Amino acid sequence: MMYDIGLTVFNGLAWAMATFLVAAGLTLIFGILHILNFAHGGFFMIGAYVSYTVMLAFGAGLPLWVFMIGAMAAAVVVGLLGWAVDMFVFRRLRDVEDAYSLIATYALLLVCGGAVQLIWGLNYLSVMPPPSLNSVVFIGDVFMPTYTIFVILSGVVAYIGLELLINRTQIGQLIRVVAVDPWMARLLGLNVTRIYLVTVIFSFAMAGVAGALLMPNQSLSPELGGIFLLQAFGVVIVGGMGSIRGAFLAALLLGMIESFGTYLFPQYPGIFFLLALAVILLVKPSGIMGKEQTA
Amino acid sequence: MTRIMEARAMHKSYGQVKVLEDVSFDLEEGEAHVVIGPNGAGKTTLFRCLSGETRINSGTIMLNGQDVTGLAGWQRVQRGIGRSFQVARIFQDMSAFENLIVAIETRERNEKGIWASFGHIAPRRAVMDEAERLVHELGLEGTLDDPAGTLSHGDKKRLELAMSLALRPKVLMLDEPTAGMSPSDRSEAVRLISDVRARYGLTLLLTEHDMEVVFGLATRLTVLHHGAIIASGEPHKVRADARVREVYLGQH
Amino acid sequence: MIDYRVRFRTNLVIAACGLAAFAVVPFVANSGLLFLAGLVAINIVFGLSWNFLFSGVGLLSFGHAMFFAGGAYGMALITRHVPEMPFLLALVLGAACGGLIALVFGVVALRRASGVYFAVLTLAFSELIHILITKTTFLGRNDGLTGIPRPVIELGFGTLNLTSATAYYYFIIIAMTLVAVMMWCFQNAPAGRLLQAIRQDQMRTAFLGTPIQGWQLTAFVISGTVAAFCGAVMVPFTQIASPEIAYWTVSTQPILFTLLGGAGHFWGPAVGAILFGAIDYGTRTMHGLSEITVGVLLLAVVLIIPGGLLGLLKRRRAAASKSTRAETAGERTSETEAGK
């Protein structure tokens, strides 16, 4: 019994941190630009494929540093794509109705999926974790793959890094000002367009890194974007759109619900997080860390 | 006179901010009751609470002897009120004529049930005729087919008034009906409103800033200050009231 | 003044032209294209059902697959377990499945959520149904329900054999035309005007004495029922109800159709569905090209031509008629009205 609970908590943590890695960039963009970015899943997927290509070039049985180079490459490539997307798409969505900008980012997701099919084909591809992450650790009786521990730690590091970035640095302060009141920020002489651009590039780079780090767990296919996207959407919304801390807590909450639900009803994986999402949204549409709207 | 609307001990706050405190308010049948007060006195909030746009935190509101405190705006409309908004709300992409058609059809639906127009696609002849009559009454002939969003400010206000009249309300509530109008449009609007009131035998409830409008229309005046009523009665008596003079003259 | 009669007649003619164009397909195309044309016909009405919500009452749904799949699986279950049920009644019951899903979901969701929240809630609920289908043995899990027969309809004076693909194709296009015309009538009738009013200004409509949520729910159920009807009609054509039709990419199909064709026009989704079918067919040998083409087109629509294809056409026609307005002032009204 203790064993089962330990394992279930561990699985929940793994789900939560993997999802948070994807959701972090998503919630950042929503917080600043108020765009719910469907394409995030697509760029996450491109990150995974880019890192796959890099690792393929180095051959099999790779040390950890090659894995990290793959992640860097994914960050750079997807970050540059983010720059293009902001220039050509997001910038023009400022005056567009919410429904239409949601649809525009969905169009981008389509383009991503199509591009991946054109470049990498339809076949499933897969990668083993680097050998140094391909073992197991026992804590008590609980069997823990080191790769999964690595993912959990990555999620925690990403969260702490983001909190520090937003709350302790100058660029973080600028981002916060722009998020609260872009009009006032412009009046104070801040280059709001530049801050938007930096945020988008950073958020996309995070999507790329997330893709690279989570790749060894998945078989790569052009549908990969959609799978993580829905989980990340759920986390962002339950967390209260735009709140990093909220997204982190929501990831933990939903991860535990999903993990315990699947433990109790193993025939229905993937359903409990959706149920929890629906219930939470209905009870408190603004999310656990969201402010209640006055209207 | 019968009392058509009766509100007792209304409290309303938004978060920590108390906007209305222990406000009681009456509306007698046939009167033209104007609520005035400095900016931030709570006029618009009072208006919202009475029309049902927001709920009050405590107190009661009676309409025609029925308790409507817990009823939403649309339910109060069905019980005989009609209202306008400070910035005229109309259906921007429809023509002015279609705006009126929607209003008339809504009234008919409420009177005769939702199946009354079943089987019809175009508006029925009687509905079209009524819309045309309203168009003539309010002088909207020239703008009939234009998308309502392109109408001038004054025409939008008149269209909204026409839509409210189409509901055949007992009480017509107008939130600053002349806001943003030029002085000449204003006196025009005052004439139109008092015409309409006489013709339909309406009870009027207005909030207003402009003194010309206030004394042109009001049969009763209520002064709101810091979320409380400090005077209410015939216009000339309120004008002479010491506290009212203090509030208005002392502050400006 | 609006001439409602001309408007009705014009749109009836459009529907009849569409039906005639589809009726010619079996004479000029092979069986593969015939199959595609049948699916396009179904997609047209699927798109109309979505746009009925989006442009008709102002609700953004990212979960229309749940209704489509509800209708399809309802129909498949009935044909497998109650084969003696008359075909048309089975279709109606299939459509009712979608309406029921819409009712249950709408009662809960419309009360709390709006805008983007509502969209994501539909997405989540639809995915829930997708997962349930793939995990339920009764619904065939990942394999779906296969071997659905096409019907032979007993009419009092004889039988109507729809077992061939061509015969069933004709049934599809006639049924879809009827539903499309019915939807047009509803949207242009008093109730449709009221829904349109709700989309344009909820507060104003409420203060005309209208229960907004009740009407939104009604529209949601109607939209779900029509989408489910599309799913139910499709099942005997493809002879399978598979879980892919509940996947969220299916939910986005009618969005694509509508935006490509033009959300502001009743027939926008029809134009979009045909265009989409053509792109899909034209790029079938290159994996990924159709997604890129459609994605880029969709982006272009949102960023550059918000009215979609029909919006573009209307704008050009308005510009053209401006120059000749003096002579043809009378005709212009009937022309611009056609799109409504």
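B:Arg243 counts as partly exposed because 13 C-beta neighbours lie inside 10 Å; a residue is buried with 20 or more other C-beta atoms within 10 Å of its own, exposed with 12 or fewer, and partly exposed in between, the C-beta atoms being placed from the backbone. The model is predicted: local features need pLDDT of at least 70 and side-chain atom pairs count only at pLDDT 80 or more, whereas totals for chains, interfaces and linings use all residues. Residues are numbered from 1 along each chain as its sequence is written, and chains are lettered from A and ligands numbered from 1 in the order in which they are written.

B:Arg243 lies in helix 9 (residues 242-251) of chain B; helices (H or I, at least four residues) and strands (E, at least two) are DSSP runs numbered from the N terminus. Leaving aside neighbours within four places in sequence, B:Arg243 is in contact with B:Ile230 and B:Ala231, contact meaning that the C-beta atoms, placed from the backbone, lie within 7 Å. From C-alpha to C-alpha, B:Arg243 and B:Ala231 are 7.9 Å apart in space, and 12 residues apart in sequence.

In chain B, six strands form an open sheet of mixed pairing, in the order 6-7-8-3-9-10; two strands pair if DSSP finds at least two bridges between them. Strand 6 (81-83) and strand 10 (228-233) of chain B each have a single partner strand, so one side of each is left without a neighbour in the sheet. The twist from one strand to the next averages 15 degrees, with axes fitted as lines to C-alpha atoms, for helices over the stretch in contact, and angles running from 0 to 180 degrees between N-to-C directions. Strand 7 (residues 171-175) and strand 8 (residues 203-207) of chain B are joined by five bridges in the parallel sense. B:Asp175 has B:Thr207, in strand 8 of chain B, as its bridge partner.

Chain B is divided into domain 1 (3-90 + 151-251) and domain 2 (91-150), with bounds from an automatic or database domain assignment. The C-alpha centres of the two domains of chain B lie 26 Å apart. Their contact takes 14 residues from domain 1 of chain B and 17 residues from domain 2 of chain B. On the domain 1 side, helix 5 (residues 153-166) of chain B gives the largest share, nine residues.

Between chain C and chain A, the contact takes 33 residues from chain C and 37 residues from chain A. Helix 5 of chain C supplies the largest share of the chain C side, 13 residues.

Conventions:
Two residues are in contact if their C-beta atoms, placed from the backbone, lie within 7 Å.
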